[in-house]
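Please read the points with the model open beside you.

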Amino acid sequence: MSSTINFDQAVLDQARHLGTSTLFEASGISTSSVDSNVRTVWQGASIAGPAYPLECSPGDNLSIHIAMERVPRGSVLVVSTGGFISGYWGEVLTVAAEAAGVVGLVIDGGVRDIAALISRRFPVFTRGISIRGTIKASSPSVGQAISFAGTPVRVGDLVVADDDGVLVVPAEHALRTISSGQARADKEAKMMNELREGRSTLELMGLTSWRGSQ
């Protein structure tokens, strides 16, 4: 198994706390936002970690099984299927992922065994749910750069996912994005305090010229 890809745990915790919406705005990278149809399986799931990308052929999950022997601990599996909905992932692979130290799954195909995923509290973000099984006959790529529904993903890029969606920030922009995200969050916290004191969003955002315009 490969060595762990390192993001300081404090950095990952900060990224999860800031959340995808704040970090997307802070990143300034339009392609970092993943297709909004890729959603959480269970409400409240959130992850932050380095990406481990792979590609599956339609209806074939062999690449995932291969990845389980190669993925660095602490990684988020990012699986491209070309949008083909099938049950690429279920309870067995969830147990394998937990044993391998995988912290979550992002897949643009489908998953199944939803009750087990929820009860195990394993974070899964997917395009769909399908009882249809898969074959194991081909493996287009494992651990190589991919396009995930139009979002570029490389090994080690920062993946953050929560109820709002999924974000992939290029590794070289991760720390800048988190720093900018924290500044944005601090500014919004100050604004919300001022709103509680009676000021308005029009005033705080410099939009007072619109007063009485309607």
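**Notes on a strand, a helix and an aromatic pair**

1. Strand β3 (residues 76-80) and strand β5 (residues 104-111) run parallel and are joined by four bridges, where strands are said to pair if DSSP finds at least two bridges between them. In this pairing V76 stands opposite G104 of β5. Helices (H or I, at least four residues) and strands (E, at least two) are DSSP runs, numbered from the N terminus.

2. The model is a predicted one, in which local features need pLDDT of at least 70 and side-chain atom pairs count only at pLDDT 80 or more, while totals for chains, interfaces and linings use all residues. Residues are numbered from 1 along each chain as its sequence is written, and side-chain values use heavy atoms, with hydrogens and water left out.

3. Strand β3 also pairs with β2 (residues 47-55), in the parallel sense and over five bridges, and here Y52 stands opposite L77. Between these two strands the chain passes through helix α3 (residues 62-67), and the resulting β-α-β crossover is right-handed, which is to say that, with the strands pointing away from the viewer, the path from the first strand over the helix to the second runs clockwise.

4. How many of the residues of β3 are buried? Five of its five residues are buried, the term meaning under 20% relative accessible area, with exposed meaning over 50% and partly exposed in between (1.4 Å probe, protein chains only). V76, V78 and S80 point one way from the strand, whereas L77 and V79 point the other way. In a regular strand the side chains alternate between the two faces of the sheet.

5. In helix α4 (residues 91-100), the residues L93, T94, A97 and A100 are buried. Seen down the helix axis, the buried residues of α4 fall within an arc of 125° (taken from the directions from the axis to the C-beta atoms), so they line one face of the helix. The face turned away from this buried side carries the exposed residues V92 and A99. Just after α4, G101 takes a positive phi of about 80°.

6. W89 and F122 form an aromatic pair that is stacked, at 6.0 Å centre to centre and 15° between the planes. Rings of Phe, Tyr and Trp (its six-membered ring) pair if their centres lie within 6.5 Å, and planes under 30 degrees apart count as stacked, over 60 as edge-to-face and the rest as tilted. W89 lies in strand β4 and F122 in the loop between α5 and β6, 33 residues apart.
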